[in-house]
Amino acid sequence: MKKFISNEEFNIIIKPILENKNFIDTQYTIHHGVIKLDHSIKVAYNTYKYSKILNMDYISATRGAILHDFFLSNTNGKSISKEAIELTFNHSKLALDNSNKYFKLNNLERDIIYKHMFPVVFSTIPKYKESLLVATIDKIVGSNESYNKFKKHFGYKILATVIPVFIISLAALFGYN
Ligand SMILES: [Fe+2]
Ligand SMILES: [Fe+2]
């Protein structure tokens with residue numbers, strides 16, 4: 001397996017997923033202006049890091065995160081099209097169906113995948129704090145990818161402070177424990 005991040009434990013967690021041809025076949029489309037696999041790995045690695053720091057179930061969180069965009073799109077990177085707009089609202093269900101088909105998932109992993117579009121899809125309120133973490137990281141990574149200028153002003157050092165504070169605040173708001 002090609003190693004994308006030099007962290008042995010992270011690579012061991014994602015290895016069975018990256019070795020699945022059905023998954024990999026969905027990861028070479030353009031997503032937020034980058035190859036989707038880069039996006040998925042970035043979301044998964046940040047999830048791995050922060051879920052460990054925050055003492056969460058980091059293995060399930062990382063697995064859910066790498067699978068969160070397991071769907072095939074034919075939008076050719078266009079974000080303003082009927083299909084792209086529909087996909088914004090229904091791709092988390094497609095990703096869950098695909099993940100259930102090819103992997104044995106626990107309830108937390110299912111919740112992470114299905115609810116990762118919160119709060120854009122507001123009805124999918126996360127049940128677990130790990131799901132909230134992945135939804136938050138996905139939005140930040142996606143914004144970073146879509147807006148290079150944003151990245152210049154808000155690098156990962158600032159995000160490293162902002163993400164935990166944001167998660168803890170939302171977790172307190174929603175009453176997670
Ligand atoms: Fe997504
Ligand atoms: Fe995503």
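This is a predicted model: local features need pLDDT of at least 70, side-chain atom pairs count only at pLDDT 80 or more; totals for chains, interfaces and linings use all residues.
## Overall architecture

The protein contains 9 helices and 2 strands. Followed along the sequence, these elements give the pattern α-α-β-β-α-α-α-α-α-α-α. The protein has 177 residues, of which 34% are buried.

Contacts that link separated parts of the sequence can also be described. Among contacts between residues at least 6 apart in sequence, 59% join residues at least 24 apart.

## Helix α3

Helix α3 covers residues 36-53. The helix has 18 residues, and the distance from its first C-alpha to its last is 26 Å, close to the 26 Å expected at 1.5 Å a residue. Of these 18 residues, 14 are buried, so α3 is largely enclosed by the rest of the structure.

Ala44 is one of the residues in helix α3. Ala44 counts as buried because it has 28 C-beta neighbours inside 10 Å, whereas the cut-off for a buried residue is 20 or more. When neighbours within four places in sequence are left aside, Ala44 is in contact with Ile14, Thr62, Ala65 and Ile66. Ala44 and His68 are 24 residues apart along the chain, and their C-alpha atoms are separated by 8.9 Å.

## Packing of α3 with α7

Two packed helices are described by the angle between their axes and the distance between the axes. The axes of α3 and α7 (residues 129-146) come within 9 Å and cross at roughly 135 degrees. The crossing of the two helices is right-handed.

On the α3 side, the residues that meet α7 are His39, Lys42, Val43, Asn46, Thr47, Tyr50 and Ser51. Their counterparts in α7 are Glu130, Leu133, Val134, Ile137, Asp138, Val141 and Glu145. By class, this contact consists of 6 nonpolar, 4 polar and 4 charged residues. An α-helix has 3.6 residues a turn, so residues three or four places apart point the same way.

Helix α7 also has 18 residues, which should span 26 Å at 1.5 Å a residue; its end C-alpha atoms are 26 Å apart, in agreement with that value. The buried residues of α7 include Leu133, Val134, Ile137, Asp138 and Val141, and these residues also take part in the contact with α3.

## Helix α4 and its surroundings

Helix α4 spans residues 58-67. Since 9 of its 10 residues are buried, α4 is largely enclosed by the rest of the structure. The buried residues are Tyr58, Ser60, Ala61, Thr62, Arg63, Gly64, Ala65, Ile66 and Leu67. The elements that cover them include α1 (8-18), α3, α5 (82-102), α6 and α7.

Helix α4 packs against helix α6 (residues 107-114) at an angle of about 35 degrees, with the axes 8 Å apart. The crossing of α4 and α6 is right-handed. In this contact, Ser60, Ala61, Arg63, Gly64, Ala65 and Leu67 of α4 meet Leu108, Glu109, Ile112 and Ile113 of α6. By class, the contact has 6 nonpolar, 2 polar and 2 charged residues.

## Loops and backbone features

Most residues other than glycine have a negative phi, and most peptide bonds are trans. Asn55 is not a glycine, yet it has a positive phi of about 60 degrees. Asn55 is found in the loop between α3 and α4, and it counts as exposed because it has 7 C-beta neighbours inside 10 Å. The peptide bond from Phe118 to Pro119 is cis, with omega near 5 degrees. Pro119 lies in the loop between α6 and α7.

Ser73 belongs to the loop between α4 and α5. With 18 other C-beta atoms within 10 Å, Ser73 is partly exposed. Apart from neighbours within four places in sequence, Ser73 is in contact with Thr29 and Leu87. The C-alpha atoms of Ser73 and Ala84 are separated by 8.2 Å, and the two residues are 11 residues apart along the chain.

Definitions and conventions:
Residues are numbered from 1 along each chain as its sequence is written. Chains are lettered from A and ligands numbered from 1 in the order in which they are written. Axes are lines fitted to C-alpha atoms, for helices over the stretch in contact, and angles run from 0 to 180 degrees between N-to-C directions. Helices (H or I, at least four residues) and strands (E, at least two) are DSSP runs, numbered from the N terminus. A crossing is left-handed if the near helix is turned anticlockwise from the far one by less than a right angle, and right-handed if clockwise. Two residues are in contact if their C-beta atoms, placed from the backbone, lie within 7 Å. Ala, Val, Leu, Ile, Met, Phe, Trp, Tyr, Cys and Pro count as nonpolar, Asp, Glu, Lys and Arg as charged, and the others, Gly among them, as polar. A residue is buried if 20 or more other C-beta atoms lie within 10 Å of its own, exposed if 12 or fewer, and partly exposed in between; C-beta atoms are placed from the backbone. The expected span of a helix is 1.5 Å times one less than its number of residues.
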